[in-house]
Amino acid sequence: MTTLLREAKRPTVPITEIEQSAFCRTDESLKSKTLEEEFSAGVRWQKLPIEYLKLKPEVIDARIAEAKKALGTRLVVLGHHYQRDEVIKYADLRGDSFKLSQFAASQRDAEYIVFCGVHFMAETANILAQPHQKVILPNLTAGCSMADMAHIDDVLDCWDDLQRVLGGDGGITPITYMNSTASIKALCGRNNGIVCTSSNAPATFRWALEQGRRIFFLPDQHLGRNTGVKVGIGLDEMLVWNPFKPLGGHTPEALRRARLILWQGHCSVHTRFNVKQIAQARAKHPGIKLIVHPECTKEVVDLADCNGSTEYIIKVIKESALGSVWAVGTEISLVNRIAKENPDKTVFCLDSVVCPCSTMYRIHPAYLLWVLDGLNQGAVVNQITVDEQTREEASVALDRMLSVV
Ligand code: SF4
C-alpha cells in the first residue's frame, strides 16, 4: 500500500498517544481507586468480569496475595519500574523491560510469567522464554504510544524505499529500541540489524559505525538523536523520517548524505519535560541536580547534569551524597518510589503535573487479580505469543545485542 493511501486509512497519531494525558492530575495522589472509578478516565480498558469492577483496593490487595501464594513457584510476576505501587509490591523482580525478560527466561521452573508492563515487553519475554512458559499481560490495552508510532507496514515501506534510494543493501543498519513490536525486532534480525536498550544504545551505534555503515534508528527519534550526538554524529548528518510523507519527507540526495535516519516517534511521557521546567527547578532550588531519561528531547538532555536509563537513574540517586536534591525527568510512579526509598535525599519530578504513563497505568490491581484467579482455576487469560518465524528473527537481533555489549 502506498504511503498516501495508508495515510487516508490510519490516523497519524496513535490512540495511545491521544489517551496519554487521561490520568494526569494536579491535586490528587496516584493511589488506586476501584476499577469502576478509574474507568471514568475515559481511556480504552479491556473488558473483564463485572465482579472485579467494584472491589475495594484493600480487598484486591488481600486476594492478590492469596492467589499468588496458591500458585507458588509455578508463577513469576514481573514489574516494570513504571508500574503503580499497588502492583509493583507483588513483583518478584522489578526492572526495565530487558532485565525483566532475561530474569523470566532464567526462571525455568515457572510455568506462568505475568508481565506487569506493556505489550512489547510481554512479547520480548515470550521471545526469550522457555517453550513451556506462558507469558501473560494482565490488560491487553496496555500498549505503548511510542511502539504504536512505528507500525510494521510503514516501517517495511520505509525500509524498501531506503534500499531503493541508497542502492544494494543501502550500507544501512537497522537498530531498534527495545520499545518496539516483535515484528520490527524481526526486521532488524533478518537485515543484519540489532536491538538496543537505553543503556547500551551508544555501544550498538558504535558497532554499526565501525562497520562503516549508516544507521536507521527506530522508533524513538529523541533517544536516537541523543545517542547519535554521544557517538559523534553531527545534527546536520541526521534526518527524521516522517512515515506519512513520500520518502519520509526527503530528497534522495539528502537521504544519501545522512549518517543517521531517525524514525519520527517519541515517548509521550518523556517529551512532557521541557526547558522551562528546568529553569524553574534551578531557580527554586539552587545547587539542585538534574537527571533525565534519554527519551527526553535533546534540549532537555543538554541542560540536565546527567542522563540515562531507569536503572542508571535509580543507581545514581541511591549513591549520591546525603542531603542532595534531585529533579528527575522520568515517569512519575518511579520518581515517587525513588523519593520514598531515599528518605535522606530530596527527590521530585521535574514536571509538577502528576502524569503517569497512561498505558502502564492500565495494569490496575484488579486486572492482576483477574489473571491470577484465572490461573488458579486452570484458565490462562491474556497469553501473549509471538509466531515462530518472528520469534526466530527477533532472537537474532536480541542475541546480536548481547554479543556487542
Ligand atoms: S513511558 Fe513512554 S516508552 Fe515507556 S511505555 Fe510509556 S509511552 Fe511507552
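1. The C-alpha centres of domain 1 and domain 2 are 32 Å apart. The assignment, automatic or from a database, gives domain 1 as 31-143 + 359-387, domain 2 as 147-268 and domain 3 as 270-349. Please keep in mind that this is a predicted model: local features need pLDDT of at least 70, side-chain atom pairs count only at pLDDT 80 or more, and totals for chains, interfaces and linings use all residues. Residues are numbered from 1 along each chain as its sequence is written.

2. How many residues does each domain bring to the contact? Domain 1 gives nine residues and domain 2 gives eight residues, where contact means C-beta atoms, placed from the backbone, within 7 Å.

3. On the domain 1 side of this contact, α6 (97-106) and α7 (119-128) each supply at least two residues, and α7 has the largest share, four residues. Helices (H or I, at least four residues) and strands (E, at least two) are DSSP runs numbered from the N terminus. By class, that side has four nonpolar, three polar and two charged residues (nonpolar: Ala, Val, Leu, Ile, Met, Phe, Trp, Tyr, Cys and Pro; charged: Asp, Glu, Lys and Arg; polar: the others, Gly among them).

4. Now to helix α11 (residues 201-210), whose buried residues are Ala201, Thr204, Phe205, Trp207 and Ala208. Buried means 20 or more other C-beta atoms within 10 Å of the residue's own, with C-beta atoms placed from the backbone. Seen down the axis of α11, these residues fall within an arc of 155°, so they line one face of the helix; the arc is taken from the directions from the helix axis to the C-beta atoms.

5. What do the buried residues of α11 pack against? Their partners are β5 (172-177), β6 (194-196), β7 (214-218), α12 (221-230) and α19 (388-404). After α11 comes glycine 212, with a positive phi near 70°.

Terms used. A residue is buried if 20 or more other C-beta atoms lie within 10 Å of its own, exposed if 12 or fewer, and partly exposed in between; C-beta atoms are placed from the backbone. Two residues are in contact if their C-beta atoms, placed from the backbone, lie within 7 Å.
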